[in-house]
Amino acid sequence: MSTLFNPLELGAMTVPNRVFMAPLTRCRASAGHVPNALMAEYYAQRAGAGLIIAEATMAMEGHSSFWMEPGIHSAAQVAGWRLTTDAVHAAGGRIFLQIWHGGRACHPSLNGGAQPVAPSPIAITGDEVNTPEGKKPYVMPRALRDDELSGIVTGFKKAAENARAAGFDGVEVHGANGYLLDEFLRDGANQRTGPYGGSVENRARLMLEVIDAVSSVSGSGRVGLRISPLNSYNDMIDSDPIGLSSWLATRLNEFRLAYLHVMRSDFFQQQRGDVMTPVRANYQGVLIGNMGYTGVEAATAIARGDVDAVAFGSSFLANPDLPERIRTGSALNKPDPATFYTPGAEGYTDYPSLSSS
(Lines give C-alpha, C1' and ligand atoms only; values in the text may rest on other atoms or scores of the structure.)
Protein backbone atom coordinates (compact mmCIF):
# COMPACT_ATOMS: atom_id res chain seq x y z
CA MET A 1 0.00 0.00 0.00
CA SER A 2 2.99 2.32 0.33
CA THR A 3 2.61 3.65 -3.22
CA LEU A 4 -0.80 5.07 -2.32
CA PHE A 5 0.76 7.21 0.38
CA ASN A 6 3.67 8.69 -1.51
CA PRO A 7 3.37 12.43 -2.21
CA LEU A 8 2.50 13.47 -5.76
CA GLU A 9 3.26 16.67 -7.66
CA LEU A 10 -0.10 17.75 -8.99
CA GLY A 11 0.29 20.76 -11.21
CA ALA A 12 0.91 23.77 -8.98
CA MET A 13 0.89 21.84 -5.70
CA THR A 14 2.08 18.67 -4.02
CA VAL A 15 -0.49 16.37 -2.44
CA PRO A 16 0.37 13.99 0.44
CA ASN A 17 -1.29 10.83 -0.88
CA ARG A 18 -2.83 9.35 -4.01
CA VAL A 19 -6.23 8.40 -2.61
CA PHE A 20 -8.43 11.04 -4.22
CA MET A 21 -12.11 11.71 -3.69
CA ALA A 22 -14.10 11.56 -6.93
CA PRO A 23 -16.84 14.12 -7.64
CA LEU A 24 -20.16 12.85 -6.28
CA THR A 25 -23.37 14.78 -6.93
CA ARG A 26 -25.47 14.43 -3.77
CA CYS A 27 -28.09 17.19 -4.25
CA ARG A 28 -27.74 18.77 -0.79
CA ALA A 29 -27.57 22.42 -1.89
CA SER A 30 -30.02 24.98 -0.54
CA ALA A 31 -32.55 27.01 -2.55
CA GLY A 32 -30.98 28.91 -5.42
CA HIS A 33 -28.35 26.16 -5.81
CA VAL A 34 -26.41 27.67 -2.89
CA PRO A 35 -23.86 25.47 -1.07
CA ASN A 36 -24.41 25.33 2.68
CA ALA A 37 -22.90 24.42 6.05
CA LEU A 38 -23.94 20.77 5.75
CA MET A 39 -21.90 20.46 2.56
CA ALA A 40 -18.95 22.13 4.26
CA GLU A 41 -19.13 19.57 7.07
CA TYR A 42 -19.29 16.71 4.57
CA TYR A 43 -16.22 17.80 2.63
CA ALA A 44 -14.21 18.69 5.73
CA GLN A 45 -14.82 15.16 7.06
CA ARG A 46 -13.02 13.87 3.96
CA ALA A 47 -10.06 16.26 4.03
CA GLY A 48 -7.66 13.32 4.39
CA ALA A 49 -7.95 12.70 0.65
CA GLY A 50 -4.89 13.58 -1.39
CA LEU A 51 -7.32 15.74 -3.35
CA ILE A 52 -11.07 16.27 -3.03
CA ILE A 53 -12.80 16.89 -6.35
CA ALA A 54 -16.07 18.52 -5.39
CA GLU A 55 -19.30 17.62 -7.13
CA ALA A 56 -20.66 18.69 -10.53
CA THR A 57 -21.43 22.40 -10.15
CA MET A 58 -23.43 24.58 -12.54
CA ALA A 59 -21.03 26.87 -14.40
CA MET A 60 -23.86 29.10 -15.58
CA GLU A 61 -27.45 29.79 -14.67
CA GLY A 62 -30.36 27.92 -16.23
CA HIS A 63 -28.75 24.53 -16.87
CA SER A 64 -29.79 22.37 -13.91
CA SER A 65 -29.91 18.60 -14.29
CA PHE A 66 -30.27 17.46 -10.68
CA TRP A 67 -32.75 19.86 -9.06
CA MET A 68 -30.70 20.59 -5.90
CA GLU A 69 -27.15 20.58 -7.23
CA PRO A 70 -24.89 23.57 -6.40
CA GLY A 71 -23.86 26.39 -8.71
CA ILE A 72 -20.92 28.78 -8.96
CA HIS A 73 -22.52 31.57 -11.01
CA SER A 74 -23.88 33.87 -8.28
CA ALA A 75 -22.40 35.84 -5.40
CA ALA A 76 -24.44 33.79 -2.91
CA GLN A 77 -23.04 30.56 -4.35
CA VAL A 78 -19.47 31.85 -4.16
CA ALA A 79 -20.04 32.76 -0.52
CA GLY A 80 -21.64 29.38 0.15
CA TRP A 81 -18.71 27.50 -1.35
CA ARG A 82 -16.33 29.57 0.78
CA LEU A 83 -17.75 27.72 3.80
CA THR A 84 -16.51 24.48 2.24
CA THR A 85 -13.09 25.63 1.11
CA ASP A 86 -12.38 27.26 4.47
CA ALA A 87 -13.45 24.10 6.33
CA VAL A 88 -11.39 21.78 4.09
CA HIS A 89 -8.30 23.96 4.29
CA ALA A 90 -8.65 24.26 8.07
CA ALA A 91 -8.65 20.45 8.20
CA GLY A 92 -5.46 20.31 6.11
CA GLY A 93 -7.11 19.31 2.84
CA ARG A 94 -6.98 20.36 -0.81
CA ILE A 95 -10.05 20.78 -3.00
CA PHE A 96 -10.86 21.36 -6.67
CA LEU A 97 -14.32 22.26 -7.96
CA GLN A 98 -15.82 20.36 -10.89
CA ILE A 99 -17.44 22.92 -13.21
CA TRP A 100 -20.13 21.65 -15.51
CA HIS A 101 -22.90 22.25 -18.04
CA GLY A 102 -25.68 19.64 -18.12
CA GLY A 103 -26.44 19.94 -21.84
CA ARG A 104 -29.27 17.70 -22.99
CA ALA A 105 -29.51 16.13 -19.50
CA CYS A 106 -31.19 19.33 -18.30
CA HIS A 107 -35.00 19.54 -18.15
CA PRO A 108 -37.49 22.41 -18.58
CA SER A 109 -39.05 21.65 -15.17
CA LEU A 110 -35.73 22.48 -13.52
CA ASN A 111 -34.96 25.57 -15.59
CA GLY A 112 -38.02 27.79 -15.77
CA GLY A 113 -39.39 26.00 -18.82
CA ALA A 114 -36.25 26.49 -20.93
CA GLN A 115 -35.49 23.84 -23.54
CA PRO A 116 -32.13 22.12 -22.97
CA VAL A 117 -29.31 22.61 -25.45
CA ALA A 118 -26.94 20.12 -27.06
CA PRO A 119 -24.69 19.69 -30.09
CA SER A 120 -27.52 17.94 -31.99
CA PRO A 121 -31.29 17.52 -31.50
CA ILE A 122 -31.02 14.01 -30.00
CA ALA A 123 -32.85 13.28 -26.76
CA ILE A 124 -31.73 10.95 -23.96
CA THR A 125 -33.82 7.78 -24.03
CA GLY A 126 -34.23 4.89 -21.63
CA ASP A 127 -34.12 7.00 -18.47
CA GLU A 128 -35.99 9.75 -16.64
CA VAL A 129 -35.01 12.85 -14.70
CA ASN A 130 -36.06 13.72 -11.14
CA THR A 131 -38.06 16.95 -10.97
CA PRO A 132 -40.20 18.66 -8.29
CA GLU A 133 -43.20 17.06 -10.02
CA GLY A 134 -41.69 13.57 -9.97
CA LYS A 135 -39.77 11.64 -12.60
CA LYS A 136 -40.20 12.84 -16.19
CA PRO A 137 -38.81 11.75 -19.56
CA TYR A 138 -35.96 13.76 -21.00
CA VAL A 139 -37.00 16.17 -23.74
CA MET A 140 -35.64 16.91 -27.19
CA PRO A 141 -32.79 19.42 -26.89
CA ARG A 142 -32.20 22.36 -29.17
CA ALA A 143 -29.00 22.26 -31.21
CA LEU A 144 -26.67 25.09 -30.26
CA ARG A 145 -25.64 27.40 -33.09
CA ASP A 146 -21.94 27.87 -33.74
CA ASP A 147 -22.24 31.54 -32.76
CA GLU A 148 -23.58 30.54 -29.31
CA LEU A 149 -20.58 28.45 -28.35
CA SER A 150 -18.36 31.37 -27.41
CA GLY A 151 -20.93 32.11 -24.70
CA ILE A 152 -20.49 28.60 -23.32
CA VAL A 153 -16.73 29.13 -23.19
CA THR A 154 -17.20 32.47 -21.45
CA GLY A 155 -19.55 30.85 -18.93
CA PHE A 156 -16.95 28.24 -17.97
CA LYS A 157 -14.28 30.93 -17.73
CA LYS A 158 -16.45 32.98 -15.36
CA ALA A 159 -17.15 29.85 -13.31
CA ALA A 160 -13.41 29.31 -12.91
CA GLU A 161 -12.99 32.93 -11.80
CA ASN A 162 -15.75 32.43 -9.24
CA ALA A 163 -14.22 29.15 -8.04
CA ARG A 164 -10.95 30.95 -7.42
CA ALA A 165 -12.81 33.69 -5.51
CA ALA A 166 -14.49 30.97 -3.44
CA GLY A 167 -11.09 29.64 -2.35
CA PHE A 168 -10.77 26.47 -4.41
CA ASP A 169 -7.26 25.20 -5.18
CA GLY A 170 -8.25 24.57 -8.79
CA VAL A 171 -11.05 23.35 -11.02
CA GLU A 172 -11.91 20.18 -12.89
CA VAL A 173 -13.63 20.65 -16.25
CA HIS A 174 -16.40 18.07 -16.49
CA GLY A 175 -16.00 16.44 -19.91
CA ALA A 176 -17.63 13.12 -18.99
CA ASN A 177 -20.87 11.20 -18.45
CA GLY A 178 -23.00 12.58 -21.26
CA TYR A 179 -23.07 16.24 -20.29
CA LEU A 180 -22.49 19.09 -22.71
CA LEU A 181 -18.75 18.86 -23.39
CA ASP A 182 -18.91 15.06 -23.60
CA GLU A 183 -21.92 15.34 -25.91
CA PHE A 184 -19.82 17.38 -28.32
CA LEU A 185 -16.86 15.00 -27.97
CA ARG A 186 -18.56 11.68 -28.74
CA ASP A 187 -20.10 11.01 -32.13
CA GLY A 188 -23.18 9.25 -30.76
CA ALA A 189 -24.49 12.61 -29.53
CA ASN A 190 -22.72 14.96 -31.95
CA GLN A 191 -24.01 14.65 -35.49
CA ARG A 192 -23.52 18.25 -36.54
CA THR A 193 -21.42 19.58 -39.40
CA GLY A 194 -19.15 22.58 -39.45
CA PRO A 195 -16.25 23.48 -37.15
CA TYR A 196 -17.70 21.64 -34.11
CA GLY A 197 -18.78 18.39 -35.73
CA GLY A 198 -17.52 15.53 -37.87
CA SER A 199 -13.85 14.84 -37.20
CA VAL A 200 -12.56 14.08 -33.72
CA GLU A 201 -10.61 17.34 -33.81
CA ASN A 202 -13.80 19.30 -34.50
CA ARG A 203 -15.81 17.43 -31.88
CA ALA A 204 -13.13 18.15 -29.27
CA ARG A 205 -12.92 21.83 -30.22
CA LEU A 206 -15.39 23.13 -27.62
CA MET A 207 -13.79 21.14 -24.80
CA LEU A 208 -10.32 22.40 -25.70
CA GLU A 209 -11.55 25.99 -25.99
CA VAL A 210 -13.06 25.68 -22.51
CA ILE A 211 -9.83 24.26 -21.08
CA ASP A 212 -7.83 27.09 -22.63
CA ALA A 213 -10.20 29.76 -21.28
CA VAL A 214 -10.39 28.22 -17.80
CA SER A 215 -6.60 27.86 -17.63
CA SER A 216 -6.20 31.55 -18.45
CA VAL A 217 -7.88 32.52 -15.16
CA SER A 218 -7.12 29.54 -12.90
CA GLY A 219 -3.41 29.54 -13.59
CA SER A 220 -0.97 26.94 -14.83
CA GLY A 221 -1.35 23.53 -13.23
CA ARG A 222 -4.67 24.29 -11.55
CA VAL A 223 -7.06 22.77 -14.11
CA GLY A 224 -7.98 19.11 -14.46
CA LEU A 225 -10.20 17.35 -17.01
CA ARG A 226 -12.49 14.37 -16.51
CA ILE A 227 -13.48 12.13 -19.43
CA SER A 228 -15.46 8.88 -19.77
CA PRO A 229 -14.80 7.45 -23.26
CA LEU A 230 -16.68 4.19 -22.58
CA ASN A 231 -19.45 5.21 -20.21
CA SER A 232 -22.96 4.88 -21.67
CA TYR A 233 -24.58 6.89 -18.86
CA ASN A 234 -27.02 9.48 -20.25
CA ASP A 235 -27.48 7.39 -23.40
CA MET A 236 -23.94 7.95 -24.68
CA ILE A 237 -21.82 5.99 -27.13
CA ASP A 238 -18.89 6.56 -29.47
CA SER A 239 -17.99 4.59 -32.57
CA ASP A 240 -14.28 4.49 -31.70
CA PRO A 241 -13.66 5.11 -27.98
CA ILE A 242 -10.11 3.76 -28.10
CA GLY A 243 -9.12 5.96 -31.01
CA LEU A 244 -10.83 8.94 -29.39
CA SER A 245 -8.96 8.34 -26.13
CA SER A 246 -5.60 8.06 -27.88
CA TRP A 247 -6.11 11.21 -29.93
CA LEU A 248 -7.34 13.28 -27.01
CA ALA A 249 -4.57 12.09 -24.67
CA THR A 250 -1.97 13.22 -27.20
CA ARG A 251 -3.68 16.56 -27.85
CA LEU A 252 -3.94 17.35 -24.15
CA ASN A 253 -0.16 17.38 -23.84
CA GLU A 254 -0.35 20.89 -25.32
CA PHE A 255 -2.04 22.10 -22.11
CA ARG A 256 -0.37 22.31 -18.70
CA LEU A 257 -3.13 20.44 -16.89
CA ALA A 258 -2.93 19.47 -13.25
CA TYR A 259 -4.20 16.04 -14.28
CA LEU A 260 -6.34 13.96 -16.63
CA HIS A 261 -9.06 12.02 -14.81
CA VAL A 262 -10.31 8.99 -16.75
CA MET A 263 -13.36 6.87 -15.96
CA ARG A 264 -12.13 3.52 -17.19
CA SER A 265 -15.35 1.60 -17.86
CA ASP A 266 -19.10 1.78 -18.46
CA PHE A 267 -21.66 1.83 -15.64
CA PHE A 268 -23.96 -0.33 -17.77
CA GLN A 269 -21.37 -2.49 -19.60
CA GLN A 270 -22.70 -1.57 -23.03
CA GLN A 271 -19.21 -0.68 -24.21
CA ARG A 272 -16.08 -2.55 -23.20
CA GLY A 273 -12.42 -1.98 -23.83
CA ASP A 274 -9.15 -0.77 -22.37
CA VAL A 275 -8.91 3.01 -22.57
CA MET A 276 -6.36 3.37 -19.77
CA THR A 277 -3.47 1.79 -21.68
CA PRO A 278 -3.65 4.09 -24.74
CA VAL A 279 -4.18 7.13 -22.52
CA ARG A 280 -1.14 6.25 -20.39
CA ALA A 281 0.91 5.64 -23.54
CA ASN A 282 0.03 9.00 -25.07
CA TYR A 283 -0.54 11.39 -22.17
CA GLN A 284 2.58 12.77 -20.49
CA GLY A 285 0.98 14.32 -17.41
CA VAL A 286 -0.58 13.10 -14.17
CA LEU A 287 -3.19 10.41 -14.83
CA ILE A 288 -5.99 9.62 -12.37
CA GLY A 289 -7.92 6.35 -12.72
CA ASN A 290 -11.51 5.99 -11.57
CA MET A 291 -14.33 3.41 -11.37
CA GLY A 292 -14.34 0.25 -9.30
CA TYR A 293 -10.81 0.23 -7.90
CA THR A 294 -10.12 -1.45 -4.58
CA GLY A 295 -7.31 -0.18 -2.40
CA VAL A 296 -5.14 -3.13 -3.40
CA GLU A 297 -5.79 -2.67 -7.12
CA ALA A 298 -5.13 1.06 -6.85
CA ALA A 299 -1.78 0.47 -5.11
CA THR A 300 -0.82 -2.13 -7.72
CA ALA A 301 -1.79 0.12 -10.64
CA ILE A 302 0.26 3.01 -9.24
CA ALA A 303 3.25 0.76 -8.54
CA ARG A 304 3.14 -0.49 -12.15
CA GLY A 305 2.96 3.06 -13.45
CA ASP A 306 -0.46 2.54 -15.02
CA VAL A 307 -1.84 5.59 -13.18
CA ASP A 308 -0.49 8.18 -10.78
CA ALA A 309 -3.49 8.33 -8.43
CA VAL A 310 -6.94 6.78 -8.07
CA ALA A 311 -10.22 8.57 -7.34
CA PHE A 312 -12.75 6.72 -5.19
CA GLY A 313 -16.46 7.51 -5.32
CA SER A 314 -19.12 5.81 -3.22
CA SER A 315 -16.51 4.26 -0.91
CA PHE A 316 -15.38 7.79 0.00
CA LEU A 317 -18.98 8.78 0.60
CA ALA A 318 -19.43 5.92 3.09
CA ASN A 319 -15.96 6.23 4.63
CA PRO A 320 -14.95 9.79 5.47
CA ASP A 321 -11.54 8.48 6.57
CA LEU A 322 -11.04 6.20 3.56
CA PRO A 323 -7.25 6.76 3.22
CA GLU A 324 -6.70 5.71 6.84
CA ARG A 325 -8.93 2.67 6.43
CA ILE A 326 -6.99 1.60 3.35
CA ARG A 327 -3.65 2.24 5.05
CA THR A 328 -4.57 0.16 8.10
CA GLY A 329 -6.54 -2.53 6.27
CA SER A 330 -9.67 -1.68 8.25
CA ALA A 331 -13.15 -2.74 7.22
CA LEU A 332 -15.14 -0.33 5.08
CA ASN A 333 -18.63 1.02 5.74
CA LYS A 334 -21.09 0.13 2.99
CA PRO A 335 -22.73 3.01 1.10
CA ASP A 336 -26.52 3.24 1.20
CA PRO A 337 -27.89 4.03 -2.30
CA ALA A 338 -31.30 4.88 -0.80
CA THR A 339 -29.82 8.07 0.67
CA PHE A 340 -27.53 9.10 -2.20
CA TYR A 341 -29.78 11.97 -3.31
CA THR A 342 -32.06 12.54 -0.33
CA PRO A 343 -31.89 15.81 1.66
CA GLY A 344 -30.28 16.12 5.06
CA ALA A 345 -27.46 14.52 7.01
CA GLU A 346 -28.59 10.90 6.75
CA GLY A 347 -26.36 8.98 4.40
CA TYR A 348 -24.18 12.05 4.00
CA THR A 349 -22.42 13.29 7.13
CA ASP A 350 -23.42 10.47 9.50
CA TYR A 351 -21.16 7.68 8.21
CA PRO A 352 -18.80 6.79 11.08
CA SER A 353 -15.05 7.17 10.99
CA LEU A 354 -12.69 4.79 12.73
CA SER A 355 -12.27 7.22 15.61
CA SER A 356 -16.03 7.48 16.16
CA SER A 357 -17.11 3.88 15.57
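How many bridges join strand β11 to β12, and do they run parallel or antiparallel? Strand β11 (residues 223-227) is joined to β12 by four bridges, and the two run parallel; strands count as paired if DSSP finds at least two bridges between them. This is a predicted model, in which local features need pLDDT of at least 70, side-chain atom pairs count only at pLDDT 80 or more, and totals for chains, interfaces and linings use all residues. Residues are numbered from 1 along each chain as its sequence is written, and side-chain values use heavy atoms, with hydrogens and water left out.

Helices (H or I, at least four residues) and strands (E, at least two) are DSSP runs, numbered from the N terminus. Strand β12 also pairs in the parallel sense with β13 (residues 287-290), over four bridges. The chain passes from β12 through α8 to β13 in a right-handed β-α-β crossover, where right-handed means that, with the strands pointing away from the viewer, the path from the first strand over the helix to the second runs clockwise.

| Residue | Phi | Relative accessible area |
|---|---|---|
| C27 | near 55° | 10%, buried |
| Q269 | about 60° | 38%, partly exposed |

C27 lies in the loop between β3 (19-21) and α1 (37-45), and Q269 in the loop between β12 (259-263) and α8 (276-282).

Notes:
Buried means under 20% relative accessible area, exposed over 50%, partly exposed in between (1.4 Å probe, protein chains only).
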